[in-house]
Amino acid sequence: FIEKLSDIDISILVNNAGYAHVGSFLEVDDSEFKVADVQYLPSGLADLEVIKSFRNRFKKIGRRSLLASTSSIAGTNPIPFAATYSASKRFVDFMTWALAEELSTHGVDVCCWKAATVSTKMTKYARGLIAVSPQSYASQALSKCTSGVNSGAFSHELIYAFLQCISDVVPMSLIIKVFGKRAKKGADRVKAREESAKASSS
């Protein structure tokens, strides 16, 4: 795949690989580490080759390019029982912040979207005050391609700002406990559904 990239004129790359797993780190199988592979690799090996083509493209024809990634509000704070997922999203944030500065002189805009709840299959088509449709989220997020690390949708920006504020005044240990309890409840629900499905099929 990477060898074929040199033959393609790429101006936009969107890293949208996502895999969420919740559960105890001590009780999961190799699927937990699939999170790291899915989240890190698109922002590493493949991106490196594409970024090189962006640089050459800017030198040759003077046209700008875009490197965008989907992150998550989950990367704002560490989350027990979703440890690898939240850590992988923090990785995406840090890569974006660093590359936005480093590649600015090569005509490359770099951004990532720290989404909260988007009503998709991954979130069981969640509804609520902060949930937005994929169409609405995409429309808002694409208008912020030159904004670096951002939350895409306006309602998600408010949530991110709130989380940033409380992290300045509330001890991180307390924040981690609160998020961990919520994640554990979600993990327990997933486990119960899986056990129920196995019992039904047997």
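**Exercise 1.** In this predicted model, work out how Phe-94 and Trp-97 are placed along helix α3 (residues 83–102), and then decide how their rings are arranged.

*Solution.* Begin with the helix: Phe-94 and Trp-97 are three residues apart in α3, which means that about one helical turn separates them. Next, turn to the rings, whose centres lie 5.9 Å from each other, and recall that a pair requires centres within 6.5 Å. The planes of Phe-94 and Trp-97 make an angle of 65 degrees, and since an angle over 60 degrees counts as edge-to-face, that is the arrangement of this aromatic pair. By this rule, the count comes to one aromatic pair.

**Exercise 2.** Determine which residues of strand β1 (residues 12–15) belong to its covered face, and find the bridge partner of Val-14 in β2.

*Solution.* In β1, Leu-13 and Asn-15 form the covered face, whereas Ile-12 and Val-14 form the uncovered one. Then look at the neighbouring element: β1 pairs with strand β2 (residues 65–70) in the parallel sense, over four bridges, and within β2 the partner of Val-14 is Ala-68.

**Exercise 3.** Describe the lining of the largest pocket, and say which element gives the largest share of it.

*Solution.* First note the volume of the largest pocket, about 1,900 Å³. Of the 50 residues that line this pocket, the closest to its centre are Tyr-85, Ala-116, Thr-117, Met-122 and Thr-123. The largest share of the lining, ten residues, comes from α6.

Notes
Residues are numbered from 1 along each chain as its sequence is written. This is a predicted model: local features need pLDDT of at least 70, side-chain atom pairs count only at pLDDT 80 or more; totals for chains, interfaces and linings use all residues. Side-chain values use heavy atoms; hydrogens and water are left out. Rings of Phe, Tyr and Trp (its six-membered ring) pair if their centres lie within 6.5 Å; planes under 30 degrees apart count as stacked, over 60 as edge-to-face and the rest as tilted. Helices (H or I, at least four residues) and strands (E, at least two) are DSSP runs, numbered from the N terminus. Buried means under 20% relative accessible area, exposed over 50%, partly exposed in between (1.4 Å probe, protein chains only). Two strands pair if DSSP finds at least two bridges between them. On a 1 Å grid over the protein atoms alone, a cavity is a set of points where a 1.4 Å probe fits but cannot get out, and a pocket is an open set with protein on both sides within 12 Å along at least five of seven lines; lining residues have an atom within 4 Å of a point. Grid points are joined across faces, edges and corners, and a volume is the space filled by probe spheres set on the points.
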